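Here's a quick briefing to read alongside the model.

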Amino acid sequence: MKVVSLLGSPRRKGNSSTLADFFTSLLQAKGAEVSTYHLNGLTYKGCQACFACKTRLEHCIGEDDLKPVLQKVADSDLLVLASPVYFGEVSAQLKAFIDRTFSFLRPDYATNKEVKTRLQPGKHLVFILVQGHPKEKLFADIYPRYSYFFNWLGFTHSHLLRVCGPYAKGDIENYPEIFDQAKELANKLLP
Ligand SMILES: Cc1cc2nc3c(=O)[nH]c(=O)nc-3n(C[C@H](O)[C@H](O)[C@H](O)COP(=O)(O)O)c2cc1C
């Protein structure tokens, strides 16, 4: 299994990255090939809306650090997207990556009800979200919104690991249940 893990927090050892690394290390121990990218350390822009990927190319025209990342994601079986919640959304670093996945959509994606993606369907998405606010009802809209669009892209199986409450770096260690959930999910995906 090829796994790509994108860390959306600027904190390399922050809460969402710690959980993502824990999860992917379990998959790696079971034989998965894991590629991890700390998005904050890369130089890239969001989608420029040039529509080259819809008119003359099969991929994004962007020539920056996301180019190889997008290729890795296209070739992967499982994508981990890990992010802190910032102003009720994913981080800007992760959002800019997500906008670039527009290039995975076929030119006729808006009207084609059968196949919208250029990617091989049947991929797995694991969304990791950490928010400082302990109320689960708050910001609960993030995951369903993105899993809807990632389904278009071919990530037909999506899974959520979400923690509400950790605020300072390291706080995630006080939420042992989420690590148990991560173990359970890893065992389900790679029995
Ligand atoms: C710019 C910024 C915006 C934030 N916005 C929210 C928010 O809207 N809701 C919330 O619950 N927590 C918010 N937080 C708190 C983070 O979600 C929290 O600190 C989280 O644990 C960070 O995860 P990380 O360590 O993976 O970066 C915000 C933090 C920052 C720095």
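The buried residues of helix α6 pack against α1, β3 (78-84), β4 and β5. Packing here is a matter of contacts, meaning two C-beta atoms, placed from the backbone, within 7 Å. Keep in mind that this is a predicted model: local features need pLDDT of at least 70, side-chain atom pairs count only at pLDDT 80 or more, and totals for chains, interfaces and linings use all residues. Residues are numbered from 1 along each chain as its sequence is written.

**Helix α6**

- I178, A182, A186 and L189 are the buried residues of α6; buried takes 20 or more other C-beta atoms within 10 Å of a residue's own, exposed takes 12 or fewer, and partly exposed is in between, with C-beta atoms placed from the backbone.
- Looking down the axis of α6, those buried residues fall within an arc of 80°, so they line one face of the helix; the arc is that of the directions from the helix axis to the C-beta atoms.
- The other side of α6 has P176, E177, D180, E184, N187 and K188, which are exposed.

**Strand β5 and V163**

- V163 sits in strand β5, and V163 counts as buried because it has 24 C-beta neighbours inside 10 Å.
- Leaving out residues up to four places away in sequence, V163 touches V130, I172, Y175 and I178. I178 is also one of the buried residues of α6.
- V163 and D77 are 86 residues apart in sequence, and their C-alpha atoms are 24 Å apart in space.

**Helix α5**

- Which residues of α5 (residues 142-152) are buried? They are Y143, Y146 and F150.
- These three cover an arc of only 75° around the axis, which puts them on the same side of α5.
- The face turned away from that buried side carries the exposed residues P144, R145 and Y148.
- What do the buried residues of α5 pack against? Their partners are β4 (124-131) and β5 (157-164).
- Just after α5, G154 takes a positive phi of about 110°.

- Most residues other than glycine have a negative phi, which is the background for the next two entries.
- A49 has a phi near 55°, a positive value in a residue other than glycine. A49 is in the loop between β2 (33-38) and α2 (52-55), and it is exposed, with 8 other C-beta atoms within 10 Å.
- F139 isn't a glycine either, yet its phi is positive at about 65°. F139 lies in the loop between β4 and α5, and with 19 other C-beta atoms within 10 Å it is partly exposed.
- L138 is in the loop between β4 and α5 too. Is L138 buried or exposed? L138 is exposed, with 12 other C-beta atoms within 10 Å.

**Around the ligand**

- The ligand is surrounded by 19 residues, the closest being G14, S16, P84, G132 and H133; a residue is near if its C-beta atom, placed from the backbone, lies within 6 Å.
- The elements giving two or more residues to this shell are α1 (15-29) and β4, and α1 has the largest share, three residues.
- By type, the shell splits into eight nonpolar, nine polar and two charged residues. Nonpolar means Ala, Val, Leu, Ile, Met, Phe, Trp, Tyr, Cys and Pro, charged means Asp, Glu, Lys and Arg, and the others, Gly among them, count as polar.

**The whole chain**

- The chain has six helices and five strands, both read as DSSP runs numbered from the N terminus (helices H or I, at least four residues; strands E, at least two).
- From the N terminus on, the order is β-α-β-α-α-β-α-β-α-β-α.
- For 191 residues, a compact globule would have a radius of gyration near 16 Å, and the chain agrees at 16 Å. That radius is taken over C-alpha atoms, and the globule rule is 2.2 Å times the number of residues to the power 0.38.
- Along the principal axes, the C-alpha atoms fill a box of roughly 50 × 35 × 30 Å.
- Of the 191 residues, 35% count as buried.
- Among contacts with a separation of 6 or more, 75% are between residues 24 or more positions apart.
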